[in-house]
Amino acid sequence: MAIEKILKDDATEEKGERARMASFVGAIAITDLIKTTLGPKGMDKILQSTGRGHGITVTNDGATILKSLHIDNPAAKVLIDISKVQDDEVGDGTTSVVVLAGELLREAEKLVAAKIHPMTIISGYRMAAECARSALLQRVVDNKENAEKFKSDLMKIAMTTLSSKILSQDKEHFAQLAVDAVMRLKGSTNLEAIQIIKKPGGSLKDSFLDEGFILDKKIGLGQPKRIENAKILVANTAMDTDKVKIYGARVRVDSMSKVAEIEGAEKEKMREKVQKIIAHGINCFVNRQLIYNFPEELFADAGILAIEHADFDGIERLALVTGGEIASTFDNPESVKLGHCKVIEEIMIGEDKLIHFSGVEMGQACTIVLRGASHHVLDEAERSLHDALCVLSQTVNDTRVLLGGGWPEMIMAKEVDELARKTPGKKSHAIEAFSRALVAIPTIIADNAGLDSADLVAQLRAAHHKEGCNAGIDVISGSVGDMAELGISESFKVKQAVLLSATEAAEMILRVDEIITCAPRQREDRM
Amino acid sequence: MALAFDEYGRPFIILKEQDQKTRLRGLEAQKANISAGKAVARILRTSLGPKGMDKMLQSPDGDVTITNDGATILEQMDVDNQIAKLMVELSRSQDYEIGDGTTGVVVMAGALLEQAEHLLERGIHPIRIAEGYEMASRMAVEHLDHIAQKFDFGPTNIEPLVQTCMTTLSSKIVNRCKRPLAEISVKAVLSVADLERKDVNLDLIKVEGKVGGKLEDTELIYGITVDKDMSHPQMPKQIQDAKIAILTCPFEPPKPKTKHKVDIDTVEKFQTLRQQEQKYFDDMVQKCKDVGATLVICQWGFDDEANHLLMHRNLPAVRWVGGVELELIAIATGGRIVPRFQELTPEKLGRAGLVREKSFGTTKDKMLYIEHCANSRAVTIFIRGGNKMMIEETKRSIHDALCVARNLIRNNSIVYGGGSAEISCSIAVEAAADKYPGVEQYAIRAFADALDSVPMALAENSGLQPIETLSAVKSQQIKENNPHFGIDCNDVGTNDMREQNVFETLIGKQQQILLATQVVKMILKIDDVISPSDY
């Protein structure tokens with residue numbers, strides 16, 4: 001008797017070996033796609049969006065690449081998801097996490113082909129991941145006590161992160177920028193306080209960190225262009241016509257003169273509001289919403305600098321920097337905290353006029369102005385800098401640091417290999433496979449740099465046979481070098497997140513023995 | 001299609017648009033139904049037990065779910081067949097009633113159907129089979145009562161509860177840290193449980209998840225988390241001994257329900273209106289301040305002006321809090337939800353020892369923790385995990401564990417897991433079968449065989465030899481007259497489930513058997529399927 005169809009028409013079902021095959025193939029395809037971007041000599045990808053204008057992005061940031069892909073394979077989606085989370089949580093290592101998960105699955109595929117049950121592989125992987133983590137924990141360096149050393153650690157981490165990005169040419173410059181910016185945050189992870197302004201023109205080297213705050217706005221006409229000892233009122237209030245908010249109110253008049261009267265009253269109201277604002281004794285007024293011509297004129301008359309339409313982030317940051325609070329009513333001037341800064345002036349960057357607040361009270365926020373040849377370069381520079389800032393701010397919180405350049409992978413691989421030798425049963429195959437997957441990362445780094453990976457990794461392995469070795473791949477000279485001397489460091493938090501998320505994702509995919517795909521929802525054809 | 005003809009050879013039209021419908025009758029119908037039911041059971045069979053595999057489900061919108069929770073799998077499958085839908089219902093009702101064992105019940109039903117098919121082939125009438133099953137299920141349930149054991153726990157001795165929750169969690173992906181999760185679940189349930197009445201209101205336990213971090217970071221918060229932040233970025237981030245005003249009215253000018261118009265025709269009116277508006281905002285904030293509130297939680301939005309006034313008066317506020325969360329906050333803090341400013345009184349304020357805002361990761365994710373509430377019965381389990389799917393799956397697993405803990409508080413009888421209860425029932429039913437004269441004897445015996453299929457599936461999924469293992473365990477149970485022997489899924493080295501601490505709740509098991517039998521009876525009684533034919 002024929003098996004009854006139990007699923008809806010377009011729904012498909014894949015079972016057992018086929019399901020596993022589908023997820024392996026999907027995951028490995030994603031890994032292969034992204035693995036050429038790994039490491040300092042990794043290549044970039046061009047992404048063309050299907051949206052209007054076919055916008056182009058050039059990047060080697062794993063999360064950005066994966067986010068833009070349209071994927072149908074469910075296993076591949078799992079990998080994209082972990083990369084996204086890695087981006088949100090620690091900001092860097094988005095490529096590594098996918099590559100490691102992919103390598104773990106590639107090894108698992110071989111084991112499954114050798115008739116080892118996925119559950120056995122999973123329990124082996126788990127043991128291995130735990131062992132690898134403790135191996136890392138033993139080797140971490142924590143320079144929390146020593147501020148000087150810690151700062152140099154941060155510098156090294158920033159350089160390592162940036163070296164794989166477009167900024168690698170000027171990595172020292174940018175690393176310094178990023179470290180300075182993060183040190184100003186004093187331990188908070190709120191990267192909102194660091195503003196990045198992109199202005200095309202000039203070269204990347206011309207980028208700079210500004211201690212003050214730069215607002216990408218113009219100063220109103222006829223108002224002073226430079227104010228010293230500014231008192232700033234930051235506001236979020238309607239400065240067009242101040243509407244009556246009581247519901248259902250409307251004006252009904254029977255003659256033209258009445259209209260004029262009411263218009264007059266409206267104007268009067270606005271004038272009063274402006275007077276109240278002026279009564280705060282300020283000489284700069286920044287509003288989130290529009291300021292119409294009429295109030296602007298009034299401000300100009302009073303010699304007050306009025307800045308309209310600062311976006312919400314700008315307002316918040318400005319309030320943070322100048323130490324003022326965001327006001328919406330102006331009746332009690334004595335209790336509103338005003339912001340202060342030494343000088344407000346209009347400056348020119350490239351072709352554009354910007355407003356620069358310098359000598360601000362609170363040192364937390366700062367602005368990084370990026371200059372570069374084109375929008376693509378700037379976008380990529382921003383992403384790279386963002387990665388570096390994320391990693392640094394996380395490192396400030398969790399000060400443990402590791403060496404880089406494939407060193408942590410080799411350390412883990414060695415310990416995991418040890419474990420495999422001690423473990424009886426089929427699990428030891430899985431543990432061995434885990435160590436092979438770890439070694440794949442330095443291999444890929446070397447391959448991407450055009451080096452003889454087989455030779456280098458073998459040398460590296462031999463070097464690591466000795467206790468307390470600092471050997472890693474020196475991509476620049478193409479040999480095995482001492483990572484401590486070369487100053488290549490990575491944050492422990494990032495490495496740990498890579499290890500754990502990758503193992504978790506691999507485990508998740510391995511556990512699947514059936515894929516049920518529902519019929520895709522019918523959409524209207526927009527084409 | 002069977003057609004009736006009158007004496008002139010014209011067909012009688014019995015059904016509307018008869019020729020467009022397919023119709024299955026009699027044995028054909030039963031066999032088709034059984035095979036559909038079996039197909040569903042076959043999908044779930046591999047997910048059973050601690051070594052069960054997961055299923056990956058892709059929704060119509062392309063979202064991926066990875067789970068091994070029977071109810072979830074069936075819910076998300078695009079099931080079209082009517083009988084298959086019945087199986088989905090079956091698993092869902094187990095989920096509502098017990099919360100755990102959703103896979104087991106479907107596997108059990110599938111096995112019963114398979115046995116029924118053999119009996120049908122031998123010409124036994126479906127109703128007789130159904131009756132036999134009914135008798136057998138009653139025997140099995142009685143036998144379960146017989147072998148069940150009470151076990152003691154108290155607020156101080158939670159170990160047995162934790163053990164049971166661990167059994168439930170061990171079949172899920174989270175089994176890496178089942179111990180902490182089980183402890184969290186048990187503590188959560190105990191803190192909301194009413195041990196006098198033996199009841200637990202699971203609504204008081206909120207399970208929240210946030211992507212990022214590790215599974216080990218999952219924590220139990222004696223209080224509530226709200227996925228919101230303070231309405232004004234400069235409000236204080238931490239409030240000690242908060243008195244909370246819980247409002248469902250917006251900080252906005254009133255909007256009367258009746259249609260009205262305020263006509264402005266003179267300058268004076270315009271001005272009075274303006275003043276009134278200002279006063280209105282002032283009044284609202286003042287009222288909150290007057291009753292002594294130190295935190296305002298509002299279901300609606302704030303006008304910019306009101307927001308600033310709040311900030312100005314040093315009154316932190318949270319806006320756009322959902323209705324469900326608002327209720328939870330009200331329960332937890334012992335406050336009342338106030339729909340109008342006029343009704344705000346000091347007695348209606350909720351109290352919490354500590355309210356704080358916490359931010360996560362590199363993105364600007366903030367959550368509000370309300371802790372040390374006046375009425376600390378509401379708790380939140382806050383899950384962290386590597387990715388969205390992981391968190392969803394953890395949520396489902398914790399839900400199962402919570403249900404199990406609740407069931408144990410309601411009724412503290414347990415049976416041992418690992419298939420031992422099924423094997424023991426199967427032996428008892430088999431022995432009882434011989435005493436029945438009549439055709440039902442065969443059905444009862446078939447029922448016993450069906451019971452065996454659960455431990456068989458367990459063994460199969462754990463990579464053991466199913467038949468060898470099962471027969472060994474069975475003979476051991478009979479020989480030593482000890483119903484605690486089961487399948488050693490985790491390769492611990494002993495078959496005694498009491499030593500392995502693998503329990504299941506008695507009601508859960510009984511419910512499984514009863515529900516599965518009911519559905520199978522229903523399916524067996526169908527002898528005619530009329531459906532619109534495919535076109």
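Two strands are said to pair if DSSP finds at least two bridges between them. By that criterion, strand β10 of chain B, residues 238-247, pairs with strand β12 of chain B, residues 295-298, in the parallel sense and over four bridges. Within this pairing, I246(B) lies opposite I297(B) of β12(B). Strand β10(B) is also joined to strand β14 of chain B, residues 337-338, by two bridges, and this pair again runs parallel. Here L247(B) has V338(B) in β14(B) as its bridge partner.

The model is predicted. For the complex, the predictor gives an ipTM of 0.72 and a pTM of 0.79. Chain B has an average pLDDT of 82, and 94% of its residues score at least 70. Where pLDDT is low, the predicted coordinates should not be read in detail.

A further sheet of chain B is antiparallel. It is an open sheet of three strands in the order β4-β18-β19. Strands β4 (149-150) and β19 (503-505) of chain B stand at its edges, and because each has a single partner strand, one side of each is left without a neighbour in the sheet. Helix α16 of chain B, residues 506-524, packs on this sheet and touches β18 and β19 of chain B, its direction making about 70° with that of β19(B).

The pairings of β18(B) can be followed on either partner. Strand β18 of chain B, residues 413-416, is paired with β19(B) over three bridges in the antiparallel sense, and I414(B) has T505(B) of β19(B) as its bridge partner. Two bridges join β18(B) to β4(B), also in antiparallel fashion, with K150(B) opposite S413(B). Both faces of β18(B) are covered: S413(B) and V415(B) on one side are buried, as are I414(B) and Y416(B) on the other.

Helix α16 of chain B also contains Q511(B). Is this residue buried or partly exposed? Its relative accessibility is 22%, and Q511(B) therefore counts as partly exposed, given that buried means under 20%. Leaving aside neighbours within four places in sequence, Q511(B) is in contact with Q94(B), E97(B) and I98(B). Between Q511(B) and D304(B) there are 56 Å in space, C-alpha to C-alpha, and the two are 207 residues apart in sequence.

Chain A also has an open sheet of three strands, here in the order β4-β16-β19, with antiparallel pairing. Its edges are formed by β4 (141-142) and β19 (489-491) of chain A; each has a single partner strand, so one side of each is left without a neighbour in the sheet. Strand β4(A) is joined by two bridges to strand β16 of chain A, residues 400-403, and the two run antiparallel. In this pair, D142(A) stands opposite R400(A). Helix α6 of chain A, residues 147-163, packs on the sheet by touching β16 and β19 of chain A, and its direction makes about 95° with that of β19(A).

A hairpin is found elsewhere in chain A. Strands β17 (residues 471-474) and β18 (residues 479-482) of chain A run antiparallel and are joined by four bridges. The bridge partner of A471(A) is D482(A) in β18(A). Four residues lie between the two strands of the hairpin, and G478(A) in the turn has a positive phi of about 70°.

Among the helices of chain A, α11 spans residues 375-397 and includes D387(A). With a relative accessibility of 2%, D387(A) counts as buried. Not counting residues up to four places away in sequence, D387(A) touches D61(A), D87(A), G91(A), D92(A), T161(A) and K165(A).

The final topic is empty space. Rolling a probe the size of a water molecule over the atoms shows where such space is left. The second largest pocket holds about 1,000 Å³. Its lining comprises 39 residues, of which H117(A), M119(A), T120(A), K51(B) and S462(B) are the closest to the centre of the pocket. The elements that give two or more residues to this lining are α1 (16-35) and α5 (118-139) of chain A, together with α13 (440-461) of chain B. Helix α5(A) provides the largest share of the lining, seven residues.

How values were computed
Residues numbered from 1 in each chain as written. Chains lettered and ligands numbered in written order. Predicted model: local features only at pLDDT ≥ 70, side-chain atom pairs only at ≥ 80, totals over all residues. Heavy atoms only, no water. Contact = heavy atoms within 4.5 Å. Axes fitted to C-alpha atoms, helices over the stretch in contact; angles between N-to-C directions. pLDDT = per-residue confidence, 0-100. Buried < 20%, exposed > 50% of the residue type's maximum accessible area, 1.4 Å probe, protein only. 1 Å grid on protein atoms, 1.4 Å probe; cavity = no way out; pocket = protein on both sides within 12 Å on 5 of 7 lines; lining within 4 Å. Points joined across faces, edges and corners; volume = space filled by probe spheres on them.
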